[in-house]
Amino acid sequence: MKIIRQSTILFFACVLLLFVTGCANNADKNSAPSATPAQENTKTKGAQKGEGETLVVFFSRAGEQYTVGVIDKGNTAIVAQMIAEETGANIFELVPADDRYPESYDKLTEVARQEQNEKARPAYRGETPDLSKVKTVFIGAPVWWGDWPMICYTFFEKNKDALAGKTLIPFSTHEGSGLSGFDSKLSEACPASNVGEGLAIRGSTAQNNRDDARASVKDWLTRLGY
Ligand SMILES: Cc1cc2nc3c(=O)[nH]c(=O)nc-3n(C[C@H](O)[C@H](O)[C@H](O)COP(=O)(O)O)c2cc1C
């Protein structure tokens, strides 16, 4: 009789133990997870680079464009947005202060050529964001006649003192010229800044094959330590 009572107690003790551990596991599953994998990633990026330490600056022009037809969103704008999304950076677009760039691709090439010949420095709209806390600036544009569009030089020259000691990382969209010396031209324009490894993406890839473009952006950011 005593043996039966002891086994019954043992049995209930085991059931109780299983019940308690089961509840504990469920509690783990039901309570709010500390972070989803995506959140974990963002947290790491934030912790690694710090809030407001990274900025994306870009120029891009929607309208009729080489090989891609009439586009609502410029090729470089697409890449700039991907970089901002992947790094958690703020973004600033260089928008001309006046209506200087025609919708027609052919006419645009003439205006751009003339700006380049004149070494024009077209003004951009709005205030440059506060650069004091920024450590890294991704700066991108379409290749125009083998060079940065002149409005980018406006940005470089206006802010070269504020950019001293910071890391500048160039990116381009193009249709064959690649980075077209964006990195060395940036170093010349901002000699007190450090220029990092650039990225060149075909405009037509950014526009029409966004998964490939994003994969290139991600690989490059990984190499840069993001
Ligand atoms: C005025 C002008 C000049 C261009 N010059 C070049 C060039 O020298 N090399 C090149 O590969 N692509 C050149 N392109 C093509 C653009 O770099 C390419 O289409 C780019 O993706 C456009 O970007 P966006 O849509 O952001 O303006 C030129 C396009 C324009 C409008």
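## T54 and strand β1

T54 is found in strand β1; strands here are DSSP runs of E with at least two residues, helices are runs of H or I with at least four, and both are numbered from the N terminus. The model is predicted: local features need pLDDT of at least 70 and side-chain atom pairs count only at pLDDT 80 or more, while totals for chains, interfaces and linings use all residues. Residues are numbered from 1 along each chain as its sequence is written.

T54 counts as buried because it has 23 C-beta neighbours inside 10 Å. A residue is buried if 20 or more other C-beta atoms lie within 10 Å of its own, exposed if 12 or fewer, and partly exposed in between, with C-beta atoms placed from the backbone. The C-alpha atoms of T54 and N90 are separated by 6.8 Å, although these residues are 36 apart along the chain.

## Strand β5 and its partners

Strand β5 covers residues 136-142, and six of its seven residues are buried. Strand β1 (residues 54-58) runs parallel to β5 and is joined to it by five bridges; two strands pair if DSSP finds at least two bridges between them. Within this pairing, T54 has T136 as its bridge partner in β5.

β5 also pairs with strand β6 (residues 167-174), in the parallel sense and over seven bridges. Here A141 has S172 of β6 as its bridge partner. Together with helix α5 (residues 150-159), β5 and β6 make a right-handed β-α-β unit; right-handed means that, with the strands pointing away from the viewer, the path from the first strand over the helix to the second runs clockwise.

## The nonpolar core

The largest nonpolar core has 38 residues, and V57 and V79 have the most contacts inside it. Such a core is a set of buried Ala, Val, Leu, Ile, Met, Phe, Trp, Tyr and Cys residues joined through C-beta atoms within 7 Å. The elements giving two or more residues to this core include β1, β5, α5 and β6. The largest share, six residues, comes from α3.

Leaving aside residues up to four places away in sequence, V57 touches F92, L94, V137, I139 and F155, where contact requires backbone-placed C-beta atoms within 7 Å.

## Around the ligand

Of the 23 residues around the ligand, S60, G74, T76, P142 and G203 come nearest; a residue belongs here if its C-beta atom, placed from the backbone, lies within 6 Å of the molecule. α4 (105-118) is one of the elements that supply at least two residues of this shell, and α4 gives the most, with four residues.

Methods. Two residues are in contact if their C-beta atoms, placed from the backbone, lie within 7 Å.
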